[in-house]
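Let us walk through this structure step by step. Keep the sequence and the 3D view side by side.

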Amino acid sequence: MKVFIVHAHAEPGSFNGALSRTAQDTLRAAGHAVTISDLYAMKFDPVSDRRNFITVKNPDYFKQQIEEMHATEAGGFAPDLEAELRKMEACDLMIWQFPLWWFGLPGILKGWADRVFAMGRTYGGERFYENGVFKGKRALLSITTGGPEAVYQKGGWNGDIHAILRPIQRGILRFTGWDVLRPNIVYAPVRVTDEERQASLRAWAARLRAIEAEQPIDVGEY
Ligand SMILES: Cc1cc2nc3c(=O)[nH]c(=O)nc-3n(C[C@H](O)[C@H](O)[C@H](O)COP(=O)(O)OP(=O)(O)OC[C@H]3O[C@@H](n4cnc5c(N)ncnc54)[C@H](O)[C@@H]3O)c2cc1C
């Protein structure tokens, strides 16, 4: 299996860093090919505008999706985007590793998605959801939080974590055809003991060793 990890944490020594290294090591040891985009290390530019393109459809008025459709036909994506598109298109499983920021993606990863999920190339026409461009591929969010699990329950302080992840799991991934696997969530790694953190890493590794057999989840209504 070809696995593509998109890693969004600025500190290599962070727990997110440990989760990404665990994933890489485990998956490679199981014989899978792993590619990683370490967005901060790459200094990935998250700003979406004309820099996304080497082609121009309308020089007078910038409309991102019109330029994306034109670039799809004309081979007009900027090299940094084209490289990410190809990694995504080549993989069987994509993992996003990130800390939850303001109930969502860190800006660098949101910008990556804003730029890379281009109309024409990754969705459009009749290609959405079960007929989406990435049909048959699987995607998995691996996240950490600051808050403990208790505050991420229905009726809890922050509400159901699955509702929080819905804009990503449904709005981006399922929308473009990915089969979404159950998220890997490590709650409040900063608040637990080192032993508990080690146990989380072992559980993540064990899950990844059996990942090929996993079935997608319902990312529907919450
Ligand atoms: C802008 C912003 C917005 C945020 N919004 C939210 C929000 O909406 N909701 C929310 O819940 N939280 C939020 N947070 C908090 C954030 O989600 C957490 O701080 C983050 O998820 C913690 O993960 P980390 O990898 O940064 O942890 P770290 O602090 O890097 O790591 C935790 C501990 O793990 C240790 N560690 C590292 N490697 C290993 C290893 N191999 N084995 C064992 N231990 C190890 C580290 O030394 C550290 O002690 C926000 C934070 C910011 C900055």
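Strands here are DSSP runs of E that span at least two residues, and they are numbered from the N terminus. The model is a predicted one.

Start at strand 2, which covers residues 33-38 and holds Ser-37. Is Ser-37 buried or exposed? Buried means under 20% relative accessible area. Ser-37 has a relative accessibility of 0%, so it counts as buried. What surrounds it? Beyond its neighbours within four places in sequence, Ser-37 is in contact with Phe-4, Ile-5, Val-6, His-7, Met-42, Glu-84 and Lys-87. With Lys-87 there is a polar contact, side chain to side chain, at 2.8 Å.

Now turn to a pair of helices. Helix 1 runs over residues 15-29, and helix 6 over residues 194-209. They pack at an angle of about 35°, and their axes are 9 Å apart. Their crossing is right-handed. Helix 1 brings residues including Phe-15, Leu-19 and Leu-27 to the contact. Among those from helix 6 are Leu-201, Trp-204 and Arg-209. Nine residues of this contact are nonpolar, three are polar and two are charged.

How many residues surround it? There are 22, and the closest are His-9, Asn-16, Trp-102, Thr-144 and Tyr-152. Thr-144 has a side-chain N or O atom 2.5 Å from an oxygen atom of the ligand. Gly-147 uses its backbone instead: an N or O atom there lies 3.0 Å from a ligand oxygen atom. Asp-194 places a polar side-chain atom 3.4 Å from a nitrogen atom of the ligand.

Terms used
Residues numbered from 1 in each chain as written. Predicted model: local features only at pLDDT ≥ 70, side-chain atom pairs only at ≥ 80, totals over all residues. Heavy atoms only, no water. Axes fitted to C-alpha atoms, helices over the stretch in contact; angles between N-to-C directions. Helix = DSSP H or I, 4+ residues; strand = E, 2+ residues; numbered from the N terminus. Left-handed = near helix turned anticlockwise from the far one by under 90°. Contact = heavy atoms within 4.5 Å. Nonpolar A, V, L, I, M, F, W, Y, C, P; charged D, E, K, R; others polar. Buried < 20%, exposed > 50% of the residue type's maximum accessible area, 1.4 Å probe, protein only. Polar contact = N/O pair within 3.5 Å; in protein donor to acceptor, adjacent residues only side chain to side chain. Near = heavy atom within 4 Å.
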